[in-house]
Amino acid sequence: MEVLETGKYYHIYNRGINSCDLFIEEDNFSHFLNLYEKYIHPIADTFAWVLMPNHFHFLVRIKDNICYKYSNADRSDDAVRFDQIKWETKNLSASKGSDSVKIPKPHLHFSHLFNSYTRYINKRNKRHGSLFERPFKRKLIDNEKYFQQLVLYIHNNPIHHGFCEHPIEYGWSSYITCISNKLTKLKRNRTVEWFEDLENFKQMHKKAVEVMQIEEWLGI
């Protein structure tokens, strides 16, 4: 599998093991997103996403020039709180010195996300064992012409699988956030810029997407 390199864009996707459902109840979606914010936001910018019942897709850029905000020395002050904030990062240039910083390993953050969510689902549904396929899939996106197509593919995934007729009808994707003004950590402005402006963004989402062609390119 490709190593997640800092400063690079990736399509991150995965499904439930044996195609089992990852999200069984409505609040499962919210819980996964909360864990995503905890583990992934510190090490990656997110541009588009969708959660489907048995799989998900994210378009991210792995942050560069970052380090962990807290060190093990902070654990002694409040061990419980430290476990909640230890994933947070800051700009490397804001650190006191190279000897006192720790650089995050992005793939471990994704592993923590999946493991934490698996424990939650297993406990809640009295199941055991793996939930996600391993290793999680990732594809380097190194050509800007593919960004627009990938965003369209992600937002149109619910249509492709028969859940709705337009992305705005599906609540568990970044489409609604992209067309709104609400506060968000999603890199909404950059996503819309790939479509020139918001109006073109909306118009392009009304057109059919070449799903098979994109999936062949993505290797899905």
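Visitor: Which residue of β3 does N14 stand opposite?

Guide: In this predicted model, N14 stands opposite F56 in β3. Strand β1, residues 9–15, runs antiparallel to β3, and seven bridges link the two.

Visitor: What makes β1 and β3 a pair?

Guide: Two strands count as paired when at least two bridges are found between them. β1 and β3 have seven bridges, so they meet that requirement.

Visitor: How do you know that β2 is paired with β3 as well?

Guide: The requirement is again at least two bridges, and β2, residues 44–52, is joined to β3 by eight. These strands run antiparallel, and T46 stands opposite V60 in β3. With two residues between them, β2 and β3 form a hairpin.

Visitor: Why is strand β3 called mostly covered?

Guide: A residue is buried when its relative accessible area is under 20%. In β3, residues 55–62, eight of the eight residues are buried. In a regular strand, side chains alternate between the two faces of the sheet. One side of β3 carries H55, H57, L59 and R61, the other F56, F58, V60 and I62, and all of them are buried. Both faces of the strand are therefore covered.

Visitor: What makes the buried residues of α1 line one face of the helix?

Guide: The buried residues of α1 are N28, F29, F32, L33, L35, Y36 and Y39. Seen down the helix axis, these buried residues fall within an arc of 160 degrees, so they line one face. An α-helix has 3.6 residues a turn, so residues three or four places apart point the same way. On the other side of α1, E26 and N34 are exposed.

Visitor: How do you know that the span of α1 is close to what is expected?

Guide: The helix has 14 residues, and the distance from its first C-alpha to its last is 21 Å.

Visitor: Why is helix α4 called largely enclosed?

Guide: Eight of the eleven residues of α4, residues 145–155, are buried, so the rest of the structure largely encloses this helix. The buried residues are F147, Q148, L150, V151, L152, Y153, I154 and H155.

Visitor: Which elements give two or more residues to the lining of the second largest pocket?

Guide: The second largest pocket has a volume of about 410 Å³. Of its 16 lining residues, L33, E37, W49, T184 and K185 are the closest to its centre. The elements that give two or more residues to the lining are α1 and β2. The largest share, five residues, comes from α1. By type, the lining has seven nonpolar, six polar and three charged residues.

Visitor: Where is P135 found, and what is the form of its peptide bond with R134?

Guide: P135 is in the loop between α3 and β6. Most peptide bonds are trans, but the bond from R134 to P135 is cis, with omega near -10 degrees.

Notes. Residues numbered from 1 in each chain as written. Predicted model: local features only at pLDDT ≥ 70, side-chain atom pairs only at ≥ 80, totals over all residues. Heavy atoms only, no water. Buried < 20%, exposed > 50% of the residue type's maximum accessible area, 1.4 Å probe, protein only. Helix = DSSP H or I, 4+ residues; strand = E, 2+ residues; numbered from the N terminus. 1 Å grid on protein atoms, 1.4 Å probe; cavity = no way out; pocket = protein on both sides within 12 Å on 5 of 7 lines; lining within 4 Å. Points joined across faces, edges and corners; volume = space filled by probe spheres on them. Nonpolar A, V, L, I, M, F, W, Y, C, P; charged D, E, K, R; others polar. Expected span 1.5 Å × (residues − 1). Arc of directions from axis to C-beta.
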